[in-house]
Amino acid sequence: MYFLTEEEKKHLLKGLLPRSRELGIAEELRGWNWPAPPLQPVYDTVLALYEVANSYCPTNRDLYLRRVRRVFPAPSAAMVQGRVLHAALVHVLVSAKRLIYSVGVAQYQTICRELQELGPVNVESELQALAPEDAADLKRKVAIVTEFEKARIISRIQEILFKQPYIGEDSLAVLAIPVIVEQKLDGSFLGLSPNLSTDAFTVCEPMIVDLKFGERRDFHRLTTTGYALVMESLYEFPVNIGCLVYGSFRGDRLIINKDLHIIDDELRQWFIESRDEKARMVYEEIDPGFPAECYQGCHCYAACHG
Amino acid sequence: MMLKVSDVKQFLYCPRVVYFTYVMPVHRKVTRKMEYGKEEHLEIERLERRRGFRSYDLSEGERRYRTKLCSERLGVEGVLDMHIVCGSGCFPVEFKNTSRHPGLNHKYQLVCYAMLLEEQYGKPVRHGFLYLIPGKRVHVVEITPNARTFVRKTLDQIKMMIARESFPPAPRRPARCFECEYRNYCADVV
């Protein structure tokens, strides 16, 4: 799901990359300037990145409930679905890498066969939290994602092998699956959790990738922005591009849309403002009040409205 | 209410400047730096009249100075230092007396002027220029959709601050307060 199509590659290489380099990001908004304002954290409250980036609740009362009132409502069906489908994808990508290293290039047919036979990730424990019909639907979706990703990786392995006769395991793994999944990052410099985890990070051009199953929302770009800032704070190289991968299902078909974007000054400022505003809410224990309208399926609804 | 383009710049530098302008007007001391800035602007304007367009990466065009721009829709007005009109469009130019990299507040002031020019000419403005007087350098600013959104959001924030008469927090960069003409009124920072 993370691999770009030919058109997306063209859009990235001819459009976004040159523009991102020309655009120029304000130096004060680069992650490596974390010791100075505006990046320097104001409060010593540590937030998870999703807590800064997510704004499903218009007043962010979900954050107040969790962090101040210590109320932890059970995750909604959509949240469980997202978590399970993420796990399904990670399972395929990591298994494929493992197979390449353990079997070796010489027996590439074994890699392809074993990958073809790879079963979906075991998510029985997660499914218990769902209604039977939701569980069955999610199981079906896990199978679709798994089959889709297996086919893509096998085709990429074969494509690389016919082009590179002298390739070794390490290079094959990087070329066929050029992403690091669940990359762990320490966000402490920016007042974020020391145990962050980005969905995927591409190594060829530093690009943060985040997978979403659900409706497209404008604040989703804050997730890629936050990880880009953290990457810059840790490794001191510029991270200019983000990619949101939206997966949806039409019957038995997986539909994928990508939102490739530049992590520009405005997104960076939005992220920092959001961090400061939410850190203040937690630090000062400010109840932001109820939104005018609660969103459908909010897992905090019962906690807010009794 | 009608805001000024410079309010965007000031608000992003320190929101209290805008507060002291609209909510609690106080006597503002004109500093030497402000007078010097005005003189510099006149001088650069005189020099610009004799120059070509190479530094703006344009082959030809017409310079227009101190244009009054206004938008009822955005609720903002201002006087733009200069703009260039040519076949490929029009481009706002703001003169800035800084030897450092232009600040974000300068960038969004220019974006706001670009939005006003768009309304004046009915054409999209893709780029603007910040002319940095000390080094005679031209800094290109791309007018992106996100930058326009940011300016609209900032205008809304200013209007809300004025409507609620809420005193904003002090800027987190204390260095900004040293040469501020409102320094005497910010008892909590100085």
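**Interface of chains B and A**

I looked up the buried area first: chain B and chain A bury about 1300 Å² between them, 41% of it on carbon and sulfur atoms. I took buried area as the accessible area (1.4 Å probe) that two parts lose on being put together, summed over both. The size of an interface is often given in this way, as accessible area lost when the parts come together.

I note that this is a predicted model, in which local features need pLDDT of at least 70 and side-chain atom pairs count only at pLDDT 80 or more, while totals for chains, interfaces and linings use all residues.

I then listed the residues in contact (heavy atoms within 4.5 Å). Chain A contributes 20 residues and chain B 12 residues.

I searched for polar contacts, each a pair of N or O atoms within 3.5 Å; within protein, one must be able to donate a hydrogen and the other to accept it, and residues adjacent in sequence count only if both atoms are side-chain atoms. The rule finds 8 residue pairs in polar contact across the interface of chain B and chain A, both residues at pLDDT 80 or more. On the side of chain B that touches chain A, α4 (104-121) and α5 (145-164) of chain B are the elements that give two or more residues. I used DSSP runs for elements: helices (H or I, at least four residues) and strands (E, at least two), numbered from the N terminus. The largest share of this side, 5 residues, comes from α5(B). By class I find 4 nonpolar, 3 polar and 5 charged residues on the side of chain B that touches chain A. Here Ala, Val, Leu, Ile, Met, Phe, Trp, Tyr, Cys and Pro count as nonpolar, Asp, Glu, Lys and Arg as charged, and the others, Gly among them, as polar.

**Salt bridges**

I counted a salt bridge where a side-chain nitrogen of Lys or Arg lies within 4 Å of a carboxyl oxygen of Asp or Glu. The count over all chains is 26 salt bridges, and between chain B and chain A it is 5. I recorded A:E28 with B:R173 (2.6 Å, N to O). I also recorded A:R19 with B:E142 (3.2 Å, N to O). A:R19 lies in helix α1 (residues 6-23) of chain A and B:E142 in strand β6 (residues 137-142) of chain B, so this pair joins two chains.

**Second largest cavity**

I searched the whole structure for cavities, on a 1 Å grid over the protein atoms alone, as sets of points where a 1.4 Å probe fits but cannot get out; lining residues have an atom within 4 Å of a point. Grid points are joined across faces, edges and corners, and a volume is the space filled by probe spheres set on the points. The search finds 3 cavities of 30 Å³ or more. I examined the second largest cavity, which holds about 70 Å³ of space. Its lining includes A:C57, A:C294, A:C298, A:C300 and A:C304. I find α11(A) to give the largest share of this lining, 3 residues. The lining divides into 9 nonpolar, 1 polar and 2 charged residues.

**Backbone**

I found the peptide bond from A:P37 to A:P38 to be cis, with omega near 5°. A:P38 sits in the loop between α1 and α2 of chain A. A:E285, not a glycine, has a positive phi of about 55°. I place A:E285 in the loop between α10 (265-283) and α11 of chain A.

How values were computed:
Residues numbered from 1 in each chain as written. Chains lettered and ligands numbered in written order. Heavy atoms only, no water. 1 Å grid on protein atoms, 1.4 Å probe; cavity = no way out; pocket = protein on both sides within 12 Å on 5 of 7 lines; lining within 4 Å.
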